[in-house]
Amino acid sequence: MIAMMAVAAHAADTPSTAADPATPPPTSPVDVTGPDVSNAHPRDVIITARRLNEARAAVQPSLGATSYGVTNTTIQALPGGDNQQFNQIVLQLPGVVQDGFGQFHVRDDHNGLQYRINGTILPEGIAVFGQTLSPRLIDHFALLTGALPAQYGLRTAGIMDITTKSGFENGGQISVYGGSHGTIEPSVEYGGSSGSTNYFVSGDYRHDKLGIESVDGSSTPLHDRTNQGTAFGYVDHILDDDNRISLIGGYSDQTFQIPNPRGLHPDLGFNVDGQTDYLSDDLDQRQHERTAFSQASYLHHGSQLTLQASLFARYSSLVYTPDVTGELLFNGQAQAATKHDFAVGGQVEAAYKLSSTHTLRGGVIISRDRSTSDTDTYVFPVDDLGAQTGAPITIAESGGATEMTYSAYLQDEWKLADTLTLNFGGRFDLYDAYRQEHQFSPRVNMVWQPAAGTTIHVGYARYFSPPPFELVASTSVAKLVGTSGEAPSTLNTTPMAEKQNYFDVGVEQKLGHGISFSLDGYYRRSHNLIDEGQFGAPIILQPFNYRLGTIKGIEANLTYQEGPWLAYANFAAASAKGKDIISSQFAFEPDDLAYIQNHYIHLDHDQKFTGSAGVSYAFKEGTLENTKLGLDMLYGSGLRTDGATPNGGVLPSYEQFNLSVSHRFVAPGLEVRFDVVNLADKKYEIRDGSGIGVGAAQYGPRRGLFFGITKDI
């Protein structure tokens with residue numbers, strides 16, 4: 001299952017300690033410095049590769065942040081293994097809240113996540129349902145959160161720090177997985193080496209009939225098929241003992257049917273060419289999402305200076321195809337939308353060892369993002385009372401914008417004593433898009449180890465988070481005045497950057513015999529707090545700001561790993577509130593805006609209590625040797641829904657249990673597995689369709705039975 005603990009990162013000369021975000025906790029069941037290597041590979045190349053991996057990680061240590069690590073071995077032990085989507089794995093980490101559309105929230109933030117692959121930033125895209133990254137490419141990853149050091153900025157709720165597989169194995173696997181909901185998922189991965197060059201490739205295709213969450217809780221939702229393909233490649237070449245170049249590329253192509261509610265009929269009184277009725281079962285709405293990304297990096301490691309320079313790029317597109325007649329009759333409008341986004345950038349980061357007590361780290365990151373949008377909005381002309389006055393009309397609109405971001409940081413890791421480390425510094429960020437804003441952000445963390453096995457950390461971070469540029473609406477609401485698509489108002493202030501003061505304190509205690517416990521608390525005060533909502537038919541999220549916001553909570557983690565046993569339990573309590581919506585106001589009802597202007601309300605994704613737990617046992621001998629059993633669970637106290645006030649209600653709590661059994665036949669290199677998702681077949685709501693910025697209802701998955709077979713090649 002998940003091998004993880006809350007690691008209070010502390011200073012170290014090398015990344016071999018628990019301090020490193022790229023290094024899973026010391027209890028992880030695999031070597032954390034790199035993948036398993038073949039005895040046939042030259043030993044000096046192996047040693048050089050591992051040393052360079054360690055050097056790369058040392059450029060970006062977590063230095064006081066909270067880190068939860070997961071290895072590929074533990075991914076395989078989860079129900080579904082690496083056949084499941086990445087978000088399902090992340091839900092097993094502390095403080096991660098499940099939401100609809102495959103979304104998740106770290107510490108009650110809506111979407112402030114940054115992904116890094118082998119230390120290089122992966123720019124944001126516009127995919128909503130799809131998961132761009134397959135678990136098959138992951139050797140290990142860590143979720144970093146809390147008061148982050150200065151190398152992390154712009155998206156700071158959580159850093160997904162992913163280290164990919166990188167070859168050496170000189171072999172691979174081919175697999176077929178499938179079962180309930182018409183699921184079929186073939187996949188292949190292969191890694192190898194030639195001289196000083198290492199490579200790894202993977203690919204998979206997934207088809208099922210549960211592409212998006214069911215809107216009615218049915219185990220057989222209507223119109224919910226998906227086809228998803230992903231591919232990934234990595235290659236590196238060791239130039240000499242101190243230098244390496246690497247290339248990464250990935251692609252995903254995913255289509256989704258939008259699931260239909262059953263048995264509904266339109267009641268707005270509109271007609272299209274005389275047609276007034278339309279059964280909701282027959283709606284045909286679809287979304288197509290594509291993403292491609294690439295990275296090129298150069299790594300140098302010397303006696304005092306370690307440096308990584310990278311170029312990165314990401315292209316993404318989203319095409320929403322409406323059911324024009326059906327949406328016009330049900331909603332009064334339908335919109336065909338096509339969005340393209342292309343981001344490129346460069347990143348140079350370095351660590352310089354001044355002395356035995358001081359290590360300087362600094363970096364510069366520059367990126368350019370170009371987004372274009374084409375929409376055709378179908379609406380009815382209406383009178384002042386909203387009654388239809390003519391045939392549907394089409395309002396076409398095209399637009400584009402460019403964003404530039406510039407970031408620079410410098411910090412010092414100061415070892416005050418053998419057990420006490422201070423890391424302090426700052427970063428400057430500027431973005432220039434629909435508006436221009438900037439900020440200098442100080443960071444400071446202190447880590448103290450008062451006794452063997454005990455680590456205490458306390459930190460402060462000033463954060464600056466621009467709105468997601470690729471999601472900012474480009475459609476003019478003024479063009480819809482006098483139509484059935486007219487917004488409650490035409491006020492549409494451009495979203496602003498969020499500015500936060502973030503405080504974090506935590507303790508980790510290793511209790512011996514494979515037991516570790518951690519407790520972490522945080523408090524965040526925000527100006528222009530960014531949230532996102534679904535407004536309109538295309539499933540594209542739109543950012544907006546609350547003038548003021550507070551988020552606070554605690555997280556607890558207990559891990560046990562001894563012999564064949566691995567068990568963990570996580571619990572989190574959180575509260576997230578905002579006051580006074582000051583951007584994208586057109587999307588909200590005037591009564592809601594008036595109330596929120598003078599009252600704090602819960603954010604729609606606020607969940608008071610969140611939990612996860614799991615246990616696994618690996619048989620090492622006897623008849624069941626090479627058999628693994630696993631069980632994990634999720635618990636949520638319920639997201640928000642409308643009540644007497646906006647977001648004033650709470651959905652019912654839920655728990656979901658999943659089961660996994662696998663066995664490896666060593667001689668033929670064959671592994672079989674059986675997984676059960678939602679063992680008790682519990683029907684539960686993730687969303688009920690109400691709340692600020694909430695679209696359709698969404699339910700958790702019903703019971704699913706899945707089988708898989710994997711063959712070494």
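Reply: A salt bridge is a side-chain nitrogen of Lys or Arg within 4 Å of a carboxyl oxygen of Asp or Glu. The model discussed here is a predicted one.

Me: Is E349 buried or exposed?

Reply: Buried means under 20% relative accessible area. The relative accessibility of E349 is 3%, so E349 counts as buried.

Me: Which residue of β17 is the bridge partner of E349?

Reply: Strands β16 and β17 run antiparallel and are joined by 21 bridges. A hairpin of 4 residues connects β16 to β17. Within β17, the partner of E349 is G363.

Me: Which residue of β18 is the bridge partner of T359?

Reply: β17 also pairs with β18, through 22 bridges in an antiparallel arrangement. In β18, the residue bridged to T359 is E413.

Me: Where in the structure is R136 found, and which residue forms a salt bridge with R136 at 3.1 Å?

Reply: R136 sits in the loop between β6 (120-122) and β7 (138-145), and its relative accessible area of 2% makes it buried. The R136 side chain also has a polar contact of 3.1 Å with that of S187. The salt bridge at 3.1 Å, N to O, is made with D204.

Me: Which residues are linked with R136 in a network of salt bridges?

Reply: D204, the salt-bridge partner of R136, is in strand β11 (residues 197-208), so this pair ties together parts that are 68 residues apart in sequence. The network that includes R136 also holds E185, D204, R206 and D208.

Me: Against which strands do the buried residues of α4 pack?

Reply: Helix α4 (residues 324-331) has G326, E327, L328, L329 and F330 as buried residues. Just after α4, G332 takes a positive phi of about 85 degrees. The strands against which the buried residues of α4 pack are β15 (305-321), β16 (333-353) and β17 (358-379).

Me: How far apart in space are G400 and D341, C-alpha to C-alpha?

Reply: G400 is located in strand β18 (residues 393-417) and is partly exposed, at 47% relative accessibility. Leaving aside residues up to four places away in sequence, G400 touches R370, S371 and T372. G400 and D341 lie 59 residues apart in sequence, with a C-alpha to C-alpha distance of 9.5 Å.

Me: Which element gives the largest share of the nonpolar patch?

Reply: The nonpolar surface patch covers about 730 Å², and its residues include W448, I515 and F517. Two or more residues come from each of β22 (498-512), β23 (515-534) and β24 (541-562). I515 is part of strand β23 and is partly exposed, with 30% relative accessibility. The largest share, 3 residues, is given by β23.

Notes. Residues are numbered from 1 along each chain as its sequence is written. This is a predicted model: local features need pLDDT of at least 70, side-chain atom pairs count only at pLDDT 80 or more; totals for chains, interfaces and linings use all residues. Side-chain values use heavy atoms; hydrogens and water are left out. Buried means under 20% relative accessible area, exposed over 50%, partly exposed in between (1.4 Å probe, protein chains only). Contact means heavy atoms within 4.5 Å. A polar contact is a pair of N or O atoms within 3.5 Å; within protein, one must be able to donate a hydrogen and the other to accept it, and residues adjacent in sequence count only if both atoms are side-chain atoms. Two strands pair if DSSP finds at least two bridges between them. Patches are made of residues with over 30% relative accessible area and no salt bridge: like charges are joined within 9 Å, nonpolar side chains (Val, Leu, Ile, Met, Phe, Trp, Tyr) within 5 Å. Accessible areas come from the Shrake-Rupley method with a 1.4 Å probe; for residues, only the protein chains shown count as cover.
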